[in-house]
Amino acid sequence: MPANRDAASRDTTSGDTANRDITNRDTANIATPVGVTIREAVAEDWPLIWPFFSTIVAAGETYALPQDLTSDEARAIWMRERPGATFVAVEGTGGTDVLGTAKVIPNQAGRGSHVANGAFMINPASSGRGVGRALAAHAVEWARAAGYRSMQFNSVVETNTAAVALWTSMGFRILATVPEGFDHPVHGLVGIHVMHKVL
């Protein structure tokens with residue numbers, strides 16, 4: 001479980017906190033697109049997530065998941081409860097048209113549970129609206145409020161240049177690249193980045 005923060009964690013004399021202050025400006029002020037609401041997902045959202053989730057996974061370009069996942073298997077992976085959470089971006093305040101989704105979970109169990117892990121999927125029909133950036137900012141801010149100390153992405157495919165650029169713009173750093181860690185259907189064996197952001 002993430003640990004609660006205390007006043008010492010905000011000591012402005014700390015170099016670590018200085019880095020946190022800089023990177024946090026990249027998420028705290030990102031506006032949600034007009035007409036879009038981000039909220040926690042409920043069970044009724046899954047049938048609206050599954051069509052684009054399955055399309056993205058079947059394409060095999062960004063996620064190292066089995067391409068023949070069933071809906072039930074995928075739901076168990078994606079729809080999470082505390083200490084994690086799953087979010088959806090929907091049209092309007094009471095809308096059910098899911099534009100994208102995100103999940104936040106502990107990156108590891110036990111003594112690694114203070115580090116969050118995040119994953120994001122955007123409905124291709126909603127691309128170009130800023131939904132991905134808004135969902136990412138929401139997930140980062142939620143993780144910070146929940147007590148996570150940092151967020152780590154374990155497998156950002158290097159050919160997914162839009163995602164790499166987004167995470168970099170939001171203060172994530174590439175810690176390492178695993179050579180040939182992903183078998184891309186078009187580009188063959190490509191690297192995967194481990195990316196990290198102090199919260």
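## A proline in a loop

Pro83 sits in the loop between helix α3 (71-78) and strand β2 (85-91), where helices (H or I, at least four residues) and strands (E, at least two) are DSSP runs numbered from the N terminus. The peptide bond that joins Arg82 and Pro83 is cis, with omega at about 15°.

This is a predicted model, in which local features need pLDDT of at least 70 and side-chain atom pairs count only at pLDDT 80 or more, while totals for chains, interfaces and linings use all residues. Residues are numbered from 1 along each chain as its sequence is written, and side-chain values use heavy atoms, with hydrogens and water left out.

## Helix α4

Helix α4 (residues 131-145) has 15 residues and reaches 21 Å from its first C-alpha to its last, close to the 21 Å expected at 1.5 Å a residue; that expected span is 1.5 Å times one less than the number of residues. Of its 15 residues, 11 are buried, which means under 20% relative accessible area, whereas exposed means over 50% and partly exposed lies in between (1.4 Å probe, protein chains only). Among the buried residues are Leu135, Val140 and Trp142.

## Aromatic rings

The whole structure holds 12 aromatic pairs, counted when rings of Phe, Tyr and Trp (its six-membered ring) have centres within 6.5 Å, with planes under 30 degrees apart called stacked, over 60 edge-to-face and the rest tilted. The ring centres of Tyr63 and Trp78 are 6.5 Å apart and their planes stand at 75°, so this pair is edge-to-face. Ring pairs link Trp46, Trp50, Phe53, Tyr63 and Trp78 into a cluster.
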